[in-house]
Amino acid sequence: MGKLNVTLCGIELDNPIIPASGTFGYGYEFAELYDINCLGTFSFKGTTLEPRFGNPTPRIAECPAGMINAVGLQNPGVEKVISEELPKLKKCFSKPVMANVSGFSVSDYAKTCEMLDACEQVGWLEVNVSCPNVHGGGMSFGTSPEAAAEVTAAVKKVTKKPVLIKLSPNVTDIVSIAKACEAAGADGISLINTLLGMRIDLRTKKPVIANKMGGFSGSAIFPVAVRMVYQVAHAVKIPVVGMGGVTTAEDVIEMMLAGATAVEVGAANLVNPFASRDIVDALPAVMEKYGIKSLSEIIGIA
């Protein structure tokens, strides 16, 4: 059997499969279906400093080969995540977990990350910089190298654990943003987040989602994700976590060949709750089919 283990920012994973934030809750819900310790790790639901109810409904729109969502970072806030969600998770997951953090100001990001950094269960901080910068005119942190670097530097000042910056694909030059994050101290890069999409109901002649637009995910975006992972992985010296439309073990291999050290599975979990487990189970046979003895040896060789 081939070697599935990889090392992400100094922490060894039994395999590279990581359910993506927003598609796996805080883990214990999926633990009722199967032993989630079979996963490399997972990235829990995007957490903010204060509780958020999220956007008005409807929040979901179906698409061919994907979906659009505009949930709006609904979460109970970092204090409750630490006091309620993580203790529940500890009962069913024995590995370090990836904490996904969102914010609306640089100080929001720093404070939330500082609080989660103190949690023993947290192995990595995945900082999502594709949320609106409410204090800066509504722009996104992730669309500007300078803004992304500012968040990175602020988080690194208050944390000791590895920090991965999760980038938005809704930009013209993903490489310059990734390099700015690396220069500011990021330990890794996660990409891609969802593309911006929209559906219109032909009967009502109105947008399907109350927010009008939302994040487009699913298998349709996979080629875009592979392209961006390849570009970034060949431009930075820090590890890349690839995601975007991953649905099969073959997709995982392709993403790793492009340069991903580990691979997140997102929308597939919403279609099939066993998707991530099934990909882990399928990896050995796919490795054998393509003559791969160790996943860590194929990273970025395309």
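In which strand is Thr261 found?

1. Thr261 lies in strand β15, residues 260-265 (strands are DSSP runs of E of at least two residues, helices runs of H or I of at least four, numbered from the N terminus). The model is predicted, so local features need pLDDT of at least 70 and side-chain atom pairs 80 or more, while totals for chains, interfaces and linings use all residues. Residues are numbered from 1 along each chain as its sequence is written, and side-chain values use heavy atoms, without hydrogens and water.

2. With a relative accessible area of 8%, Thr261 is buried (under 20%; exposed is over 50%, partly exposed in between, with a 1.4 Å probe and protein chains only). Beyond its neighbours within four places in sequence, its contacts include Val6, Leu8, Pro239 and Ile299 (contact means heavy atoms within 4.5 Å).

3. Turning to α4, its buried residues include Ala147, Ala148, Val151 and Val155. Among the elements covering the buried residues of α4 are α3 (106-117), β7 (122-128), β8 (163-166) and α5 (174-183).

4. α4 and α5 pack at about 30 degrees, with axes 8 Å apart (axes are lines fitted to C-alpha atoms, for helices over the stretch in contact, and angles run from 0 to 180 degrees between N-to-C directions). The two helices are therefore roughly parallel (under 35 degrees; over 145 is roughly antiparallel, 65 to 115 roughly perpendicular, the rest oblique).

5. At this contact, Pro145, Ala148, Ala149 and Thr152 of α4 meet Ser176, Ile177, Ala180 and Cys181 of α5.
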